[in-house]
Amino acid sequence: MQVTVSPARISGTVTANPSKSAMQRAVAAALLANGKSIIRNPGLSNDCLAALDVADKLGATITRHEDHITIESNGVHPKYDEINCGESGLGIRMFTPVVALASQPVTINGHGSLTTRPMNFFEEVLPQLDVKVTSREGKLPLHIQGPLRPKDITIDGSLSSQFLTGLLMAYGAAAEDVTITVQDLKSKPYIALTLQLMKHFGVAVQQQNFETFHFGKKQQYQAKEYTVEGDWSGAAFLLVAAAVAGKAEVHHLNTESAQSDKAILEALQKAGAYIMPGMFTINIEKHNLKAFEFDATDCPDLFPPIVALAANCDGITKIKGVSRLAHKESDRGLTLQQEFGKMGIRIDLNGDEMLVHGGTGIKGATVSSCNDHRIAMACAVAALTADAPVVIENAEAINKSYPEFYDHLKLINGKVDIAVNA
């Protein structure tokens, strides 16, 4: 699919799409619970649909209604010997420890960029919990056989906070008087979201400084009703669009959320955008934008929208945390440098720092998403202030997390032309 985004002045009101981070965690918790859970405002992006398919294959009964989804389960009882997590990094890392709760062997697969991402940490950690694991030289497919037996364990938190999420959720269903100790944890807000959601489904974890996570007496996940909040990761692009090209009101965003990507407000504030936050609404308007410094180590998914913001700021913006970008849907640091370079924006990569030379003017160009949903959205936002239209190839990459993105951009007066068969 080819999408052309033309320069435009943004104005209007839009509702943020559901958080895929919260949605996928809710699906896992509902799978681990006994009884019928109801998920309202469900996300239906590719990653969320993959999570629902995994839960179905692991024993849950999924029923989709017009405005909610019911998940009936009595724990992990695989109906098939293979599951597929699609292209979801969270899905593969979260569900693998959950799958390991079962005693029967299961093959875990994925597609797209997920097949090239390193999965060595499963082979390093899970055997310590009596789980048999084999892979294709550290890559998918994974062959898992449990049951996982929770023990006191120390893991390297710099490997993946998503794997820690899966381990915490699996421990929640089976652990008793054990502690997970984590060294050098990255993306602490994502773990806060995991703990928040586990507690909602009846499992409490005692944590200290995100370094130790203690499970006392054995607990059981309880079937619950859960409403998925708006997604700060996707909404970040709408907020940046308004900040660089007009004004907008974005609804269904919880400023008290545990989602790490609400830090986009900090970046926008540093850049000089006009922001008026409510409890579930953000009003944002363009102002004189200036270069800023921002540490995205704990929120690496914000790099693409922040680069689109920085391209419109006078001066050189410095963003820390580049080391977190290598194993995304693309090598995002290099991809941002390459695709924004086509639009006339210079980006330097210096170790863990990215320098974006903004205020030099964005040029119309033909760019590629590189099959990365966030790159497609970042290029679309940059196009709003370009000197000519920007053509985005492989623009359907947005379906991974935010299939409504182009429609939402149109709602706030974005000029978007979609050529499905291009």
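Colleague: Are aspartate 47 and lysine 20 buried or exposed?

Modeller: This is a predicted model, in which local features need pLDDT of at least 70 and side-chain atom pairs count only at pLDDT 80 or more, while totals for chains, interfaces and linings use all residues. Residues are numbered from 1 along each chain as its sequence is written, and side-chain values use heavy atoms, with hydrogens and water left out. Buried means under 20% relative accessible area, exposed over 50% and partly exposed in between (1.4 Å probe, protein chains only). By that definition, aspartate 47 and lysine 20 are both buried.

Colleague: How far apart are the closest N and O atoms of aspartate 47 and lysine 20?

Modeller: A salt bridge is a side-chain nitrogen of Lys or Arg within 4 Å of a carboxyl oxygen of Asp or Glu. Aspartate 47 and lysine 20 form such a pair, their closest N and O atoms being separated by 3.0 Å.

Colleague: Why does this pair tie together parts that are apart in sequence?

Modeller: Helices (H or I, at least four residues) and strands (E, at least two) are DSSP runs, numbered from the N terminus. Lysine 20 lies in helix H1 (residues 20-32) and aspartate 47 in helix H2 (residues 46-57), so the parts they tie together are apart in sequence by 27 residues.

Colleague: How many salt bridges does the structure hold?

Modeller: One of them joins aspartate 348 to arginine 346. The total for the structure is 14.
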